[in-house]
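This briefing is for a reader who is new to the structure shown below. The points are grouped by topic.

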Amino acid sequence: MELDSSTETYTLTSTLSLLVTRHNNGESVYCRASNRALPAGIESVTRTLTVLYRADINVSGKNTTYTSSKRLLTCAPDGNPNIYKFGRWKHTAEDGSEIRQLTGSSNSTHSVLTLPDPGVPRRYEDTGYYICIATNNVPDSSSSTSGSVFFVVEAPPLVITNATVINEQLGNNATIEVEFYSRPTVHLNDIKWTRNPNGLPPPVRALTSIVDRSLLVAFHGVDVHVKGYVTILRISILTELDFGDYTVTINNSIGVTNHTVKLLKAGPPPPPLYLLQKQTSVSSVTVQWIPASDDYQTQTFVIGYRSDVTHDYTDSDVIPDTRKSVVSYTIDGLTASSIYFIRIYAKNDIGLSNHRYINISTNAGDDCYEDLHSTRTALICVSIICGAGIVVGVVFVILIKRRTSSGCWCNSKTHGSHQRQEMTQKAVQRDNREPDSVEESKTHYQELDPSEIQHHSPYASLSEGTTTKLSRKVLPNKSTTN
């Protein structure tokens, strides 16, 4: 209260401090005063409250299925002032990992996001949280705020498991697991296992179950963890009849998905096929072989060698199976002009295969190469002389034909008669002669061609008492089989 002495009047001031929230925006505050001079005794003044606050962002989107190509989400902020600036939308996975950012269609009051179509098989990847960011420039600890919604695109179950082959030993227990992602949810009665090809049920010793599991799945090229499932088929004490193909059928309210797994009997690998000599030198030997199929198991190879004067084999380092049709390996550090016994076997996690053997002789030293050089020189000289003789013979024949065509040999009737008879005899002999048989020649060092090999019976020729071209490649004349 303040007194104005010149007028002898009082000025009274009343101050109200009020803690307001967004809910007080638009409410009225009344100030009332009274004295005896007022006709009614009371006078009142009203003020309307204007409260500025950050927006609450409401994001909405109607869940859909993979058959729908139109998918919309709407962002509608609620703040004061109600004029907003919008940022880019964010799409995140269930684990919070950011998948992508998208630009919506916005004005001053709301934003609409139309999801781009990735194609029917991949529309399920649009599932996740969609976050909208907006600001109305109200001063606060953060000038922008956000809202989100979990948007679902329902689709048939998606099998995540890549494995299609399981190897297990006879008498052991087998566990077949198939991981899959599904929205909507799947229960145990939605799972069915069968044995191909007749669709028979699994053995009576088999148990089926389903459990929740976090799965790593690629959504729009980003690996994220999502809520998924795994169905498990356990078969105890495997018998011969239990091996084969097992198919799981997974149903949800949108569709059906099948996945087949081969249950194969595991065991030691078969031995490599046709260990052959490829190349030899003074101190090294190169061999090659054809890997036998190991029924999808991982196998490796080991080559051992010994000389004809030792008893123990020296094994090489483990040679991986590169899945090539033909594999080569070189053994170094050998002695010249020596006979070596070489063996090879395959191995896997279960055991070792039988051995393949071959006997190979290394080349001689420098003297042998000098003799070989002399022999080559002599062969070249003979070839030159023979070539010159052939040229002279061809010229001589041409001259004879020219003289014959000009009538130089037709002076004697007797000679002409003999000549015609001789030519007729030669023609008859040429017509009755059998065609020359040309045998294909191959050296010891020719590359092994898998197409020439009959895999069903690699020893058929040996049992019949004949020698194949491959066996001639393998065994040098002075070597004996170990």
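Strands S23, S24 and S28 form an open sheet in the order S23-S24-S28, with antiparallel pairing; strands pair if DSSP finds at least two bridges between them. Strands (E, at least two residues) are DSSP runs, numbered from the N terminus. The model is a predicted one, in which local features need pLDDT of at least 70 and side-chain atom pairs count only at pLDDT 80 or more, while totals for chains, interfaces and linings use all residues. Residues are numbered from 1 along each chain as its sequence is written, and side-chain values use heavy atoms, with hydrogens and water left out.

- Strand S24 covers residues 285–290 and pairs with S28 in the antiparallel sense over five bridges.
- Opposite Gln-288 stands Ser-328 in S28.

**The disulfide**

- How many disulfides does a search of the whole structure find? The search finds one, where a disulfide is a pair of cysteine sulfur atoms within 2.5 Å.
- The disulfide is formed by Cys-75 and Cys-132, whose sulfur atoms are 2.0 Å apart.
- This pair links distant parts of the chain, 57 residues apart: Cys-75 is in strand S7 (residues 72–80) and Cys-132 is in strand S13 (residues 128–135).
- The link of Cys-75 and Cys-132 is left-handed, with -80 degrees about the S-S bond.
- Both Cys-75 and Cys-132 are buried; buried means under 20% relative accessible area, exposed over 50% and partly exposed in between (1.4 Å probe, protein chains only).
- Cys-31 has a relative accessible area of 44% and is partly exposed.

**The nonpolar surface patch**

- Met-1, Leu-3, Tyr-10 and Leu-12 make a nonpolar surface patch of about 550 Å². Patches are made of residues with over 30% relative accessible area and no salt bridge, and nonpolar side chains (Val, Leu, Ile, Met, Phe, Trp, Tyr) are joined within 5 Å. A salt bridge is a side-chain nitrogen of Lys or Arg within 4 Å of a carboxyl oxygen of Asp or Glu.
- Met-1 is placed in the segment before strand S1 (2–4).
- Met-1 counts as exposed, because its relative accessibility is 71%.

**Cis peptide bonds**

- Arg-183 and Pro-184 are joined by a cis peptide bond with omega of about 20 degrees. Pro-184 is in the loop between strand S17 (174–183) and strand S18 (191–195).
- Asn-196 and Pro-197 are also joined by a cis peptide bond, with omega of about 0 degrees. Pro-197 is in the loop between S18 and strand S19 (206–219).

**Positive phi angles**

- Asn-137 is not a glycine, yet has a positive phi of about 65 degrees. Asn-137 is in the loop between S13 and strand S14 (145–151), and its relative accessibility of 56% makes it count as exposed.
- Ser-337, a residue other than glycine, has a positive phi near 55 degrees. The loop between S28 and strand S29 (339–347) holds Ser-337, which counts as partly exposed at 48% relative accessibility.

How values were computed
Helices (H or I, at least four residues) and strands (E, at least two) are DSSP runs, numbered from the N terminus. Patches are made of residues with over 30% relative accessible area and no salt bridge: like charges are joined within 9 Å, nonpolar side chains (Val, Leu, Ile, Met, Phe, Trp, Tyr) within 5 Å. Accessible areas come from the Shrake-Rupley method with a 1.4 Å probe; for residues, only the protein chains shown count as cover.
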